Amino acid sequence: MEQIFERHEILDNNTLIKAANIYLSMSGHKSKRVYLCIGYPYRGDSLGPFVGSLIEDYFKDNENIDVIGTIENPVTAKNIKDIISKIDKYKEIVCIDAAYGICGSDYVKFVDMGIKPRLALGDNIERVGDISLVGAISSLDGYNKQLVEDQAVFISHTIIKAEQLRGEN
């Protein structure tokens, strides 16, 4: 299953509940989750660490949720294999990452499978995770800080709303 939210949709607050419910429909039945926020904390590849930093404080006291990858402590190609090897196999892994230059427009995509980090750069890192939340950016040429921030806020608010809805059930 895959759901794409175009740029104009991520700026619409009415889309948040829809996105949270779609994310929940992809989520498995594991009670514990890891939000693995992948990327470098600079330029366009900062989406993952930015989302991690936005949700880290919200979930700091939740023993069922781990947030790995923030602006201060990023998950990058250099450390991802080591980090993944330490994640409890009984936890659902939700990957947050950016995708550059492989799409024709800017959007956020939710997919019910993991991702292959750094695929666009030709790296052969194994697929990671159970669900992926990806911010697609159409151009490698220019860094659009506002787009990255909009995508990060949308993804982080979707995660928080989904966890709130999950707690109500």
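Trainee: Of the contacts in the chain with a separation of 6 or more, what percentage do residues 24 or more positions apart account for?

Mentor: This is a predicted model, in which local features need pLDDT of at least 70 and side-chain atom pairs count only at pLDDT 80 or more, while totals for chains, interfaces and linings use all residues. Residues are numbered from 1 along each chain as its sequence is written, and side-chain values use heavy atoms, with hydrogens and water left out. A contact means heavy atoms within 4.5 Å. Of those contacts with a separation of 6 or more, the share from residues 24 or more positions apart is 73%.

Trainee: In what order do the elements of the chain run from the N terminus?

Mentor: Helices (H or I, at least four residues) and strands (E, at least two) are DSSP runs, numbered from the N terminus. The chain has five helices and six strands. Their order is β-α-α-β-α-β-α-β-β-β-α.

Trainee: How many of the residues of strand 4 are buried?

Mentor: Buried means under 20% relative accessible area, exposed over 50%, and partly exposed in between, with a 1.4 Å probe and protein chains only. In a regular strand the side chains alternate between the two faces of the sheet. From strand 4, Glu 92, Val 94, Ile 96, Ala 98 and Tyr 100 point one way and Ile 93, Cys 95, Asp 97 and Ala 99 the other, and all are buried. For strand 4 (residues 92–100), the count is therefore nine of nine.

Trainee: Which residue is the bridge partner of Ile 96 in strand 6?

Mentor: Two strands pair if DSSP finds at least two bridges between them. Strand 2 (residues 33–37) runs parallel to strand 4, joined by five bridges, and Cys 37 has Ile 96 as its partner there. Strand 4 also pairs in the parallel sense with strand 6 (residues 131–137), over seven bridges. The partner of Ile 96 in strand 6 is Leu 133.
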